[in-house]
Structure formats: structure tokens, C-alpha cells
Number of protein chains: 4
Amino acid sequence: MLKNKDKLVRSYVASILFDRRLWRYDIEGSIAHTRMLAKEGIIADSDAAAIVEGLNAIREEIEGGQFQFKTELEDIHMNIEARLFEKAGNVAGKLHTGRSRNDQIALDMRLFLKDEIRKTAGRVNDLQRSLVELAEKTRTVIMPGYTHLQQAQPILLAHHLLAYFDMFQRDAGRFHDCFKRTDVLPLGSGALAGVAYPIDREFVAQQLGFSRVSTNSLDAVSDRDFVIEYEAASAIAMMHLSRLAEELVLWSSSEFGFIEIGPSFTTGSSIMPQKRNPDVAELARGKTGRVYGNLLGMMVSMKSLPLAYNRDMQEDKESLFDTVDTLNSSLEIFAAMLKTVKVNAERMRDDIKKDYLLATDMADYLAKKGVPFREAHGVVSKISEYALSRGKGFGELSLEEYHRFSASFQEDVFSLGLEASLAARDTAGGTSPRQIEMALRRAREKLSSSLMEEE
Amino acid sequence: MLKNKDKLVRSYVASILFDRRLWRYDIEGSIAHTRMLAKEGIIADSDAAAIVEGLNAIREEIEGGQFQFKTELEDIHMNIEARLFEKAGNVAGKLHTGRSRNDQIALDMRLFLKDEIRKTAGRVNDLQRSLVELAEKTRTVIMPGYTHLQQAQPILLAHHLLAYFDMFQRDAGRFHDCFKRTDVLPLGSGALAGVAYPIDREFVAQQLGFSRVSTNSLDAVSDRDFVIEYEAASAIAMMHLSRLAEELVLWSSSEFGFIEIGPSFTTGSSIMPQKRNPDVAELARGKTGRVYGNLLGMMVSMKSLPLAYNRDMQEDKESLFDTVDTLNSSLEIFAAMLKTVKVNAERMRDDIKKDYLLATDMADYLAKKGVPFREAHGVVSKISEYALSRGKGFGELSLEEYHRFSASFQEDVFSLGLEASLAARDTAGGTSPRQIEMALRRAREKLSSSLMEEE
Amino acid sequence: MLKNKDKLVRSYVASILFDRRLWRYDIEGSIAHTRMLAKEGIIADSDAAAIVEGLNAIREEIEGGQFQFKTELEDIHMNIEARLFEKAGNVAGKLHTGRSRNDQIALDMRLFLKDEIRKTAGRVNDLQRSLVELAEKTRTVIMPGYTHLQQAQPILLAHHLLAYFDMFQRDAGRFHDCFKRTDVLPLGSGALAGVAYPIDREFVAQQLGFSRVSTNSLDAVSDRDFVIEYEAASAIAMMHLSRLAEELVLWSSSEFGFIEIGPSFTTGSSIMPQKRNPDVAELARGKTGRVYGNLLGMMVSMKSLPLAYNRDMQEDKESLFDTVDTLNSSLEIFAAMLKTVKVNAERMRDDIKKDYLLATDMADYLAKKGVPFREAHGVVSKISEYALSRGKGFGELSLEEYHRFSASFQEDVFSLGLEASLAARDTAGGTSPRQIEMALRRAREKLSSSLMEEE
Amino acid sequence: MLKNKDKLVRSYVASILFDRRLWRYDIEGSIAHTRMLAKEGIIADSDAAAIVEGLNAIREEIEGGQFQFKTELEDIHMNIEARLFEKAGNVAGKLHTGRSRNDQIALDMRLFLKDEIRKTAGRVNDLQRSLVELAEKTRTVIMPGYTHLQQAQPILLAHHLLAYFDMFQRDAGRFHDCFKRTDVLPLGSGALAGVAYPIDREFVAQQLGFSRVSTNSLDAVSDRDFVIEYEAASAIAMMHLSRLAEELVLWSSSEFGFIEIGPSFTTGSSIMPQKRNPDVAELARGKTGRVYGNLLGMMVSMKSLPLAYNRDMQEDKESLFDTVDTLNSSLEIFAAMLKTVKVNAERMRDDIKKDYLLATDMADYLAKKGVPFREAHGVVSKISEYALSRGKGFGELSLEEYHRFSASFQEDVFSLGLEASLAARDTAGGTSPRQIEMALRRAREKLSSSLMEEE
């Protein structure tokens, strides 16, 4: 604890400007601790009642905006404790029995993060719902599928959107797994070595909704894995958002012209009304950097720290808060933005200029007629060059011309087409309309069974 | 595919120098794919047999070191396929039916990583075993516990070592969760849109030991989450190793003098035999940077990539291989090194120079006599200053002197001591000998139930 | 520009909460721009006068704390412009002639950073001064020099401190070089393509103190190299601080006991007065992660952005501000903290327990007597082992004993000692007292010629 | 040094697999050191001659591919020294006089990097030349200029290309500045404390082409700033390449269709000849991640290391080598690739579909007629909406229609057009043909005065 520090030092080490955000968890944790102390007879019931009453009163003050946070009291714990002395008198001094700021802050952070993970999971779910809704609305829309940003094969837009559904589903899984490891009560670890009172940690865990108690006090006060793991899962989720954002930006360009994002999610030069700057998508894409940076920052701060608590660890807060806020707001705004996306179905389909995207289908056609695949591949390659050099599409070649390349071609080669191409990709995970209908159904089912409710 | 490229381009884009490492998985995947094609009647049984025979022969060539990898064939797939043509003739062309290099490389990477995660899990387990063994051997050794690298409270060395056990246990959990998401078959996704043959993906999954098949072809070929997630879990594990390494370095210094690492894990200036440079620990600490860097690199490479496959994704290999090798070798060498650590028990205990580390115990003592904790705290604070200024330890003060600060002191204040302090911290996770015995027993149990065997 | 956005979007894209910090530069730039417009006859002198008067009035409002920043006006430019309309009426509309928000924000950022680099350079200088002062105060103090945290050779503490002086000198050089590349006027680039008025960019540059004007408008509005370069230089500077911090933490431990940091820069458990937690040093060490993270975040945000301006670039502000504040406050607090460091000279010297640190000197002794160095090395190696196994120091061996290992030893071997060892390292950069005196003199000279004054 | 290590440890700590790359510098440094020792009379001239002869012979062996590098000799220094003993006998033992592996490796790294920076500077220059050549070839080509990937104003393609010229010019400056700080001789610092022989460091510096000698031995062996600074400059350069790569990828898409990259720099699906996958550009974009990762890795490895040498620092080599190779090959391949780019000038110009890109010009037009800029802005905004809603371009409106919005329009409004718009942006840095001609001339001048020749 600081005493008589000069202003320079105080403002350098004080955390109250940001850790005040934890006030609700700090009070909640203190109340549970107090009740346990009384239950175990470590403090008198009347003392406990006075402390709990004081803490509840402080909670109301903060909620009401009347609480004065003071930098000279350094952090959220001291701010609340100091006020408790004012409210409850010397009995406040008993609150700290069998507790240290080291296990207290670890508790606050875990309570906070558990709440935020639940929020994140909900936001992921909302975004997935928006993806499914858009896919359902546009279920028949055909678009070029890309590799290397070069048109490769026709796909359904819904298939493309559901690819993101699957990405975010994995994100949900990672947040769920992170939750498990966050859901561990550190209180009762003392400063580092455990507590010299007959405390009941399981009781506290139950009161605060933790599934387990930590099993090593040194580790419990030195551990910020849960922060890093959340930040890593968030970085991957932001990576997914950055990919979606990139595509929204591309598709909004006049060159692609695939979609129009609703006006409330774009900004325009007022002077150039044709301009629909996809600022929200761009900003989310840019914020990926920040979330990566927070992750790396925390990993750097924790590197090579000897046990147990070191002050370096105070850096966990701003880092985590910023990631939580960035991720949650980005997820939320994407869920809302996708609802406003208008798809230009005609443009998407017409953008598949020539039917060369059917080359793979034609090779498959030959292979099904018995031509070894690599040979079929070679035949089609030659046909493509032939057609390309004459500026013709496949459908514009005659059967005679086809026969110059392989005798296996028959009249049914002309039944190759976008719809047939799609329909043919009808195995699990493929882009056929039948697969997509099933995928949409599965997606709806997943949406209705929220992961986090199990907790 | 490259053709007629100049040397500059070829060496820039070729991956065979590193992806050759995947050869076993590439062959394994091709065999499973071939068997499925035959089972479904997509290719003839005899063709399948010829292909499988050829692939098996290639496997033997590679194992025997007779296979010639060629840069002009660019990657592992083309190297093996070209050789298959030499061995099996044109039938080799049928192997590629219903498959693309995009889903093939995704398959190879997942097969590879599944094996490596099992290896990582085993190494984590070995390291945990070394920690437990050292803790068991030194179970009565008392050392100063630190916060801020300042002596704070006495603890058992075994307690300190078990803190690392708990860290690595979380790592094991993360690798286990990562395994779940890696254990998904991407084959059957084609280039991006799925496959136009009646393939049986479940059969292939079963043959290759996958629990599930991917549900969206676009995602399956664009997804490298499993690489990033492994790298993130590895980064956290290396962070834990860096902390352990830091402590080994500190404890090996002549100033601490707590331990001696075995000579095969240190290097000395030959001229200064007293020097025992803990090179292995330092190097592992340094390699943390590399593992962090690989994680960042992959996240950057994947950021903002539109669907589906882009060549940027080729960067996943060297990054993952380097992380796998760094982590696995570091875990292995730490497991071995810990077995050689000699603990200087006397020095550890004597290093607790004065009994001021018992201050918290004394405050607890007063609190148990009814003094409110914060007040007790203040009393002890004054006694400490008093003793410090006179150069005396607590045990050297008289009861009279104690009474100057509080009337609550009684004769039993003199029973405070290191052993009593340890014994008092006897709640879950605390450093008391009883808790540590239980913790050691639990650790042994966990060690014997390997996580990965469940897969 | 946003209009009619809902709250979610507004708070996501608005930057006024952080870019308000640029207000002074925004006004300064607008005034210079206005004066140029009038000088060139693009707007009337009277209009210019009205605009400048309005801007000056706004400056006073902000300085006086009476200005109301509004989120719905999104950014600092619009906030000031809107107020200017209120103050100066429609003439305010002429301020934007030949200017865009894209070149305006680039200007604000560069003006801001130029000021901050000057500040950083000053703080680096202050810290170097503290190092020199401490070195001067302790110029005769001998300490063990370390490699691998193992004692290796005796050195002067002043030599150790001056190593940091040299590190920070390189930092100063990097900030100086970064300043050169920041000191370029972007205004006059318009939105992206340049400006369609006969503006005088050199005049504006001169007014605002820029040495050069940018030479490509597309680049000028797309470039954030100066932010990244500053952040990279800062990351290296923080890395240096983290090394110094680590040593302060080590040296403050009871095991080393080399120094005592002044009480206003440490925090203690009030109950354990012997504890002097070096919180400030730890926190600075931890904040290294944040500065690294900011750098990486910006590099990630800028990766793969097509020209010209993209909204992703808005992420530059919080990142830069945080780095600037973290670095400058850390430098400042270290400069102040070092003034309070008390060196325990006796402990430092006595910590060199045995004279084995003189092994290199003994090898040099033999080499000077004509023994090839590698052979000399081998001889000393054997003597060391011999002495170590008998628990003797070199000085406690007899000449007879020496002769068992080499006939080249003479009586003068006993003149080897710490002081002699130091004195012998008397070439440029060595630790001899003579070299250190010269180094201190050189350091003083460098301190008095501030780099940034040249600008 | 290792002795009798088991294989696990040896392969973990050995660096010979990668530091062998430094062999030329190691020999070069040893020769200079030997000559200095002889000149100062520290060793005999005949001994020096024998050593130099031996080293030269080893150089020839390595050049001829006959040298056997051995892992058990751990690093490049020991490999060469051991061979020198074989070649020159015991006199080899004198080479190490007044030198340590700590200052030796620092020397090798600096010699290596100086060479590589020169190479990098040359490659940057080549790439800039390619940009200028392409700009010169296409000097009249008009394209849409973008902000937010939305068409904003017409620009010259040459202007766009020259924006990259300016970026790489800054990179050149950063490498130049990094060179200055690399160009410092560390040899003569010994293990950490300096050298106890009357060595002549200036002589060695001169022989090896260093401008300065280091001034603090502790710093000289602990410093890897030059590695990090090079990696940071490289990260920024790769960021620039990633932006150029992104645009090449975009422009190669069928939707943009602006350019065609030569076939030797693209790969196609052989089956889809229309596909021109810009693999080289994608791969370079992806490799940005790796270069960022290397930077982070080194900064992490160096964080919090106490002085002086620690084994963590060995991690500098692979990191630097990989960055050097990635950057230099990427620069080289881009310089070559740009020469093959065919520009589709017609498509670029026609892509500016409607003349709304002239909106800013129209506002400027009004402003020049005396309408305050913000008001003019409002007028044009209304006209744009009016035209857009009727599907007309500006040129298709009548003067009457214009007058509905402002009486200030006159007949000359119809002279607004792409060429006029370009010509109007004729101030420094603007996109007017005149400015671009001057910019091209300046660029040519810069190209002919290579930065690095000054060294």
C-alpha cells in the first residue's frame, strides 16, 4: 500500500481509474466472504450483519452515482474498505480477516470475466442468428466462389455465409472452454500461502456461483491464464470478424457491387452520395490489431515472472477491459449491421461472366465417363484454352469441337450449368441446395441451445 | 500449380523444403481416400489396389531415405503424386478424383497436429511427474515465499513446485480442448465448394481416426483456427516454462544459492568452475519469444483474408512446426533437467533471516484473541518497526515489550514459528504439510489418468 | 460523416472521446491554413480574420474548460468546426476550402507527435542524467559482473550504470531519426488527390514549423509510418527500462541486498516493514507488454490496407496516446526514482565471495608470461578446481601449489586482486577506473548537447 | 561451453545448424584481431602469420564445401577454432587472447547485418526503380482513386504507384539510420568487463570497416538493439509490401480487371486457364506475419534480461536470418514481378462509371465563383442526389437543372471532366500530369544516388 507518495508515483501506480469497474464484484465477493466468516464463527454474526449492511449501502451509493472514488486510495478494494469504515466503524476492520488483496483481486477478475464471457457467448449467438437469417432470406442466390480472390466455382451465398457460422461456432466453443477454467474460486489463498483460519471455501464458491475452488494458493494469486485465454479466443474471433469485414468492404465496392450495407452503418461523403463508406466494417477490421495487441501485451507482461504476485500483473485490467469491450461491441454491431445488408442477387450471378467456372464439373463429367481424373483434367484444360482464345464460353462450343479433345463427350455435356454444378456438390458440407437446407436447419438448432446456459 | 517458373519464383513459393515433413500423413490420407473411392464404386477395386500398393512403396522409399524430393514439384502432394505415376502408371491419375490440394493439405495438417498434440500432452505429463517427484523428495523443505521478489511468508518448497503442476494441468486442458477442434475431417470439401461424387466422408473419417467431419466446405479449406489455437495454448505453456526458468536461474545464482542444476544441463566457463550457467533454462526462457512470435505471425497472416483458400495460408507450416518443436523439446528437457536439481535445503531455510515473515501470523494470533483484524494489523506493524529498529527478531522480544503494543499478547506468542506458521495454513490450497500431502496424492492420481488416452 | 446514426453505431465510430486531445493542434493547423488561404487570395482577408478570431476564441474556451465536446459531432474537427459556425457564422464554411479531414487529421497527428518526441527526448536525457549522477556518487564501488546471472568478473557499478546510459543514447538517436520523418507537412493533400486551389504549402509548413512538405498526396493521407516508427523506438526504450527494472528488483531482494530504493518509490506491506516492494520498477517492467502490444496492434491494423484512407486508420490514436503516456511517465519516474537509490557498497563488494572471479586475470597473467592463451586457460581451469575442492581462494594457495600446475607462476601472482583486475581492463569501453572517469566525462558532455535542440 | 552433454541437451543448445551462416564474418574478424595482436606485440608476428594462414585455409575449405561442421562443437566459433588447432597446431591457442565468445558473436552479427542492410537497401532501390518504370510506361493512365475502397476522385495510376515510391523511400531512410547504429565495433569488450591487454580497437575497426568502436563493454555484449531495429524497419517495409500486394490481388480479380500479372508470377489451376492466381503477391502478404512475429519474438526474448550476456540472446540468429531472407527475397521478387504487370488502361478509366467522382471539382467550381465552401458542398450534395435518383451523370444534366440548385452555375460547368479534374490538382504532391512529371524526375534522381554508397 502507498503512503505519502508524491503525485507522480501515485498516478503511476494507482489503478482506481480503471479497476473501479470491478466494484460490483468486489462488494459481492466481500459479502460472501463475510457470511462465511460468520458461519464459521470467525467473526460474530452481528459484526457480519453490520459489514454486509455497510457494503449494501455502498453498493447503492455507487449505483446512485454518489460514491466518490479517490486516487489516493489507489484501488477499488481500498476505496470500498475506507468507505466501509466510515459507514460501519471499526467493525469494518474484520472484513479483511483471512483475506488479502492478492486473492481478492483474483476473485474480482474472475467474477467479472465469467459475466463477460456469458455476454460474449450471447453476442456470438446473435451474430450467428443474423448470418442464418440473411442466408435464409437469400437461399437461392448464386455467387462466384473464390480462391486467391479469383473466381473458381459457383456457390450459394448461403453457403458462404454459413462458413462464418461455423467459424463463430468454434469461437463459442473456445469461450465455453475458457469459462470452465475461469470458473474457479481463488479466494482463500491469502497473500500467497493460504489462510490461517478455518474458512469454508466451498461455501464461498457456492455463494458466488463457482464450480470449483483453486487447489494451490501460490498459483491462485499468480495466475492470469484465464485473462490470456480469453484474449486469445477473442483474437481468433476478431480474426474471423476481420475476414467478414474484408468481404463486406470488397462486396460494397462499385467493382463488386454485390451488396449494399444499410445507411446507418455506412458513412458517406455528403458530397458524393454514391459513396457508401463501410466505416463500421473497416473499423472492426482495424480493431483486430488492438485485440491482438492486448493479447501479446499480457503474454509479455507475464513472461518470466517469478512466483507469487508481482505488480506487473496489474496490467491485466486495462488489457482485458479493452478486449472485452472491443469484442463485444464489434459482435453486437455486426449482428445489427448484417440485418441491413441488401444483396444484389442479379449482380452476383451475372458476375460469373463466363462458364469457365464449370471446368471442374466438366472434368468430373469426363471422369464419370471413365476417363482417369488427371487425364480428364488435361482434356478440359485444353478445351478451356481453346474456348478462351476464341472468346467463347463452354456452352457456345459445338459437340464436334468437343470431340476434337475427347471422344467421351456426349450430348449431355450441354446440361452442365450453374444449377447443375451446385446440385452436384451434394455430399456433407457441399454447396448443393439440399445440403444448404440441412445446414440451415442444423444452424437453427444450434442457435436455440445456448452453450452458456449449461453453466 | 507452377509451370516453367524461374528459379526466383520457384524457391519463393515452393513449400517442399518444409512440408515434406507431412509425407506420412499425405500418404495415409491418400490411402484412406482411395479405399473410399473403391468402396463407393467411383474407381475400380483393381485401380485402388494399384494406387495403394504404389503409395505403400513410396512410404518405404521415404522411410528408407531413398526418395528424392524435388523443388520443381513444389509441394509434398505433387512430389508423391509424380512418383506414383512413375510407380503405378496412369492409374495414378485416379487418385485425385473428388479431391483437391486445398482439402488435402488441410487434412495433412490436422493429422499431423493431432499426433503432435498427443505428444505435447505426454510431455506435459512427464514434466508434471518430474515436478511431483522433486516435491516428494523435498517435502519437508521450508523456503521463503515471495511477493514482489521480497520475502513474504514461509512456505514449503513442495507447495511452490506444485503451483507449477497446476499451471501445466491447465495447459493440458487447453491442449485437450484444442484437440477436439482439430479432430475434424476436412477431406471431401474439394477446392472450396464440395465434391461432385457420391463420396463417403464418414468412412474416411473412421479410417483416419477422426471423430467428426467438417460441415461447410468453404470453411474447411479456409480454416486454420486449429493451428492458431495450438499456438496460443503453446504460448501460455511457454509462458509458464519461462516463469519456472526464471526461478531456476534466480535460485542458481550465488546470491540465492537455493539449488544446483545437474552439470549436464548447465555450461560453465571452463576457466571458472564455480560458474554453473543455467543455459538450458535461459534458452527456454528466450524461446518463449519465438513461440509468441509464431502465434502473432499466424494471426497476422490470417487477418482479413477473404474466403476461401489464399496462398497466404501456406505460412501456417513453418510457424506450426517451429512451435511444435520448440514446445515439445522444451518440455522434454525441463522434465529431464528437474530430475538433476539438487536442493540446498539448509540455505533455503536459513535465507529466512529474520522472523518478520511471521508478521501475518502474529496479526492472526491477535485477531484470534478478539482484536479486529485491521487493528491487529496496525499493532503488528508497530512491533515490526520497533524490532527492526533494534535489530531484533520477534522471538528476541520480551512479553513486556509485547505488552507495550497490545494487552492481548500472552505467553503463547512465543510458540509462533516457521513450522507453526506453515501448519496454520491448513485450508484447501494452503501450504500446510497436511495440505501438501493431499495435494501430492491428488497430483499422482491425475498423472496416472492421461487426458489424451480418452481420445 | 455520420448522420442520424443510432447510438450503437455512433459510439462505435466516434473518436471524440480520445481525439479531443488533439484540439490544440487542430486549431493551430486551421489558423495556418486560413492565413495561407488569405495570403493567396483564395478567401478574403476579412473572412480569414473572422475565422482566426473564432478559432482563438474556441481555444480559450477549451483552455478554460468551457467547451462542450459532443459525441454526435463524432471527432475533434467537426466539434471545432461546428462551434466556429456558432461563433463566426457562415464564413466558417470557408475554412474547409482546399482541405479535407484526411489531410487534416494527418497534420494534427504529426504536430502532436513532434511535440511528444521532443518531450520524450527530454525525459530520456533526464534519465541519463540520473544514471550519471548515481554513477558519479558511487564511482569507486566494486560489484560482481554477471553473465547468465552467475558472477563472472569484478566491475565498477558505475560501469554497469553507464551501460544503460549507452542504451538510452541509442534510444535518443532513434527518436531523433523518427522526428525527421515525422517533420513533414501533409496538409495540402486533400482527400487523396491533391488540392484544386493555388495553395502555398511551403508557407503553411513554415508557419507550423515543418521542415518539408509531403511529395505525394495519396501517400500523405495513407501514411502512419511515423506512428509505428515512434512506437517501435518506444518498444526498444521500454525493453531497456525493463532490463533496468529487472535489475532494480533483483538488487532490492534480501538475497542480493545491493540497493535500497527510496520509500516513496516502493510500497510495503504495512505489516511487514522489512518488505520494500519495488512496485514502480515492477509496473514499468509490466508496462513493457503494453507498449509492445500497441506497436503490434498498429502494424496489424495497417497491414494489407489498400490506398488511400481507410477507417481502420482511426485506430492510430489510442494506440499512440497510450504509448506516449506510458513511455514518458515511465522515463520520468525512473529518473526520479534513481535519485533515491541507496547503494550498499559493502554488500556489493563482499558478495564477491571468493576470488575465483579473478580466473580470467590469472589466465591473462600466464599468457603475458608467454603461455599460449588456450593453454593458460587450461592451467587456470585446473587450479580453480583444485582450489574449489579444498575450499580455498586463489590468494590462499602457496606458490608451491601454483607451481604444481605451471612453472610460469612467480611471486607476483599474489598481486592479482579486485583492484588490479579492474585497473587492467583499461582499453576503450573497459571497466578500469580510468576508463570510467573518461566515460563519465563524455556522458556529461553528451547530456549538455540535447539532440532535439538541433531541430 | 558444453562438455559431455547428452544428445538432448546438445541439440537444444547447439547453434551450429544456423550460426554456420556467419562463418565468413567469424574468420574475417579473427584475422583482423590476429593482425592487431601482432601489431601490438601481444603475440609474435610469426604466430600471427600461422594463424592467418590457417584461417585462410579454413575459408577455402568452407568455400569449397569440404569443411565438416560438427554439432558437438556447438557453434561456429568452436568449429573454426577446433579446425585451426588441427591446421596450425598449438599456436591456434593464441587467437583467443583478449577476446571472448561474447564479443566475438556480437562482432559476427554486426558484420553480417551491415552486409545485409546494404543488400536490403539495394533491393529497395530496385523495387523503386520498377515502380518508376511502370509509372513512366503508364503515365497517362487515369484510374479511380479510392478511400474506403469506394471510388472517390480520379487520379493518375502513376500517382498511385509513386505513393509506394515514397513509402519505400522512407524505408530506405530507416535502414540507413539502422546501419549507423549497427556500424559499431564491439570486439575488445571481452566477456563483459573489457580486455586486459593493450589492444588497439581503432585498428581493428578500421580493418573491418567500422566507423566507431563501442564505448561500454557491458553494453556491447548485451546489446541486440541493432537486430530489433532492423526487424522493426523490416516489419514496416513488409507492411508496405502487404499493401501493394493487396492492391495487386484486388486489381487482378475479374471484378476489378485493372492489371494482369505475368504468367511466371501467377499460378493457375491448369484446368481453369482464366484463373491467374496472384500467388506471389499473396505469399508476400502472408509473410508479413512472419516478419512481425520475428520482431515480437526478439523483443520478448530481450525483455527483462539483466546484464550482461544471457543465453536467451542466442535466439537472435534464426529470427534475424529469417527476416533478412524474407524481406530481401520479397523485395527482389516484387521488383521482378512489377516488370511483368500489364495495365488495362481502358478498363481502369471506364471503371469510373459515372462522373460523380467530379463532385469535389464541382464544389471547388462553385467556391471559385464565390460560394462559401461548405455551402457549395451542400449544393453539390443535392445535385448529386438529384442526378443519382434519375440515373444521370453530371454531364447529362442541363444548365437549367443546375440552376435549380444554384444561380452561380454557368456554361463552363460542362468543361468539368476527368482531365480537367486531374489538371486542377496541381500543387505539390497533387495528381496533375505536371506534378507527376516532376515527381517522376525527382524519383529518377533519388534512384541514382544510392543511400548506402555514402557509408
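Where is the place of C:A308 in chain C? In this predicted model, C:A308 sits in the loop between helix 11 (279-302) and helix 12 (316-338) of chain C, and the views below start from there.

**View 1. A cis peptide bond joins C:L307 and C:A308.** Omega for this bond is about -10 degrees. Turn to chain B and you will find a cis bond from B:L307 to B:A308, with omega near -5 degrees. There, B:A308 belongs to the loop between helix 11 (279-302) and helix 12 (316-338) of chain B.

**View 2. B:S304 has a positive phi without being a glycine.** Its phi is about 65 degrees. B:S304 is found in the loop between helix 11 and helix 12 of chain B, and it is buried, with a relative accessible area of 6%.

**View 3. C:L149 is a non-glycine residue with a positive phi of about 60 degrees.** Look for C:L149 in the loop between strand 1 (142-147) and strand 2 (150-156) of chain C. C:L149 counts as buried, at 5% relative accessibility.

**View 4. C:D26 is buried yet has no salt bridge.** This residue is part of helix 3 (residues 23-39) of chain C. The nearest side chain of opposite charge, C:R99, is 5.8 Å away. Beyond its neighbours within four places in sequence, C:D26 has contacts that include C:I76, C:H77 and C:D108.

**View 5. Chain A superposes on chain B by a rotation of 180 degrees.** The shift along the axis is 0.0 Å and the RMSD is 0.0 Å, so the two copies are related as by a two-fold rotation axis. In chain A, A:A232 has the C-alpha nearest the axis, 3.3 Å from it.

Conventions. Residues are numbered from 1 along each chain as its sequence is written. Chains are lettered from A and ligands numbered from 1 in the order in which they are written. This is a predicted model: local features need pLDDT of at least 70, side-chain atom pairs count only at pLDDT 80 or more; totals for chains, interfaces and linings use all residues. Side-chain values use heavy atoms; hydrogens and water are left out. Helices (H or I, at least four residues) and strands (E, at least two) are DSSP runs, numbered from the N terminus. Buried means under 20% relative accessible area, exposed over 50%, partly exposed in between (1.4 Å probe, protein chains only). Lys and Arg count as positive and Asp and Glu as negative; His and the chain ends are not counted. A salt bridge is a side-chain nitrogen of Lys or Arg within 4 Å of a carboxyl oxygen of Asp or Glu. Contact means heavy atoms within 4.5 Å. Copies are superposed by least squares on the C-alpha atoms of residues with pLDDT of at least 70 in both.
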